[in-house]
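Subject: Handing over a structure, with notes on its pockets and cavities

Dear colleague,

I am passing this structure on to you, and my notes on the spaces inside it follow below.

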Amino acid sequence: MRRSGMRNHRRRHCPLRFRLEPRWLKCPSPPRESLFPLALPARLLAPARAMAAHRAWRSAWHAPKPALFRVGVRAVTIATAFAARPVVFLAGDGADLESRRKSEIHTGFLENRHRINHGSFAGRDTFGEKSSSDGGNDLVCFFVTTDTVGTHGDGRSRAEAVATTWAAEPSNRSRVYYFVDEQTPPYHLPSSITPDRVIQTIGTDYDHLPDRTRVQLLTINTKQLKDSCNWFALVDDDTYVNTDSVVAKASRMDATKLHYMGAIYNYNNGSNQWAPFVHGDFKMFSRAAVPLVAEAVAKCDEWGSGMEDVEIAKCFAKLDMINQLPPETFGDSVHDNERGKRPTTLQQAFDISKKSSKSLKCLDFLHKLLPEDMHTFSEEVSKSPACATASSSLIHLSS
């Protein structure tokens, strides 16, 4: 009776090419009443109907879902990504995230199992951003690179120091995201960091930093972030950032123009010439520059080891982008980049403040700071007066 009824329904209602498909996939099923003898009492029909509806729902739940994700100029198709709900994800420059339930956190796969968490705001699917009506489109977005996958070293302590100092109460025109190198949650991050602020990336050591930076520059090139952020600052987890000062300075610049900024250093380009590059502890891109940078790092397929900031400069030089996107000095900073010894950044900052008679709040960012030094500096900054004059008069130290 049931099979005969289903065949008759398909002959009458379904196109020929769908008649052999499973009934839940393409062609609507006939009314449930036609599947059972009408002569049966209602008390017997109800459980059977409920069971049939449950089977159809369960089949749709576990069905394979196609998903397409576009990262920069590259596309990755996942033919059978099984979702926890019957939902199709679309993300990239030309598509909005669509879901059946607006209030859930959705995770989309990018390349090589790297993920980004999508959230929702005001009933609208977002990438963890505010809508333009909430002032989100003039934000400076900070992306902190953390190293929490291993128990060796102080990676987890550095992440905790960032989250409890300068990123605890950032400027109200900024937002802080965290790149994590752990493949699955729970991540070893402070509980104050919400899931919509976490972006998954690859784990690596110092020699392979360029690979991770390349992935990060591709990852931030999304419509959701570019609709929300005017400025994109990639920050190391041993860097202290004065978000109020950075936001104030960035607001006086045009994010629709190409900008690539930070502390400027020089490297030997192999022709006995010194070429400038933006140091990797704090590198900031305008919204207009983000897609250009993503396209560039996707094209550059030869990356050296070690200093990822130099490799970015080499990539831009290889593609003749130096004139189009030259490194620019941004802000006032204190640097001690020596490896293998305790950094003197904290004492340098105090000395500069005293020598120039300027508040510590006139500094924009410091690198590198141990976790305990970051806490000490944060406490001293909280006691310091507001920056009364333009911080451009401060001395820029680097070593």
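The second largest cavity is lined by Tyr260, Pro276, Phe277, Ala313, Phe316, Ile322, Leu325 and Pro327. The model is a predicted one, in which local features need pLDDT of at least 70 and side-chain atom pairs count only at pLDDT 80 or more, while totals for chains, interfaces and linings use all residues. Residues are numbered from 1 along each chain as its sequence is written, and side-chain values use heavy atoms, with hydrogens and water left out.

On a 1 Å grid over the protein atoms alone, a cavity is a set of points where a 1.4 Å probe fits but cannot get out, a pocket is an open set with protein on both sides within 12 Å along at least five of seven lines, and lining residues have an atom within 4 Å of a point.

A search of the whole structure finds two cavities of 30 Å³ or more.

The largest pocket, with a volume of about 990 Å³, is lined by 36 residues, of which Tyr206, Leu209, Asp236, Asp238 and Arg339 lie nearest its centre. By class, 10 residues of this pocket's lining are nonpolar, 12 polar and 14 charged.

Best regards

Technical notes. Points joined across faces, edges and corners; volume = space filled by probe spheres on them. Nonpolar A, V, L, I, M, F, W, Y, C, P; charged D, E, K, R; others polar.
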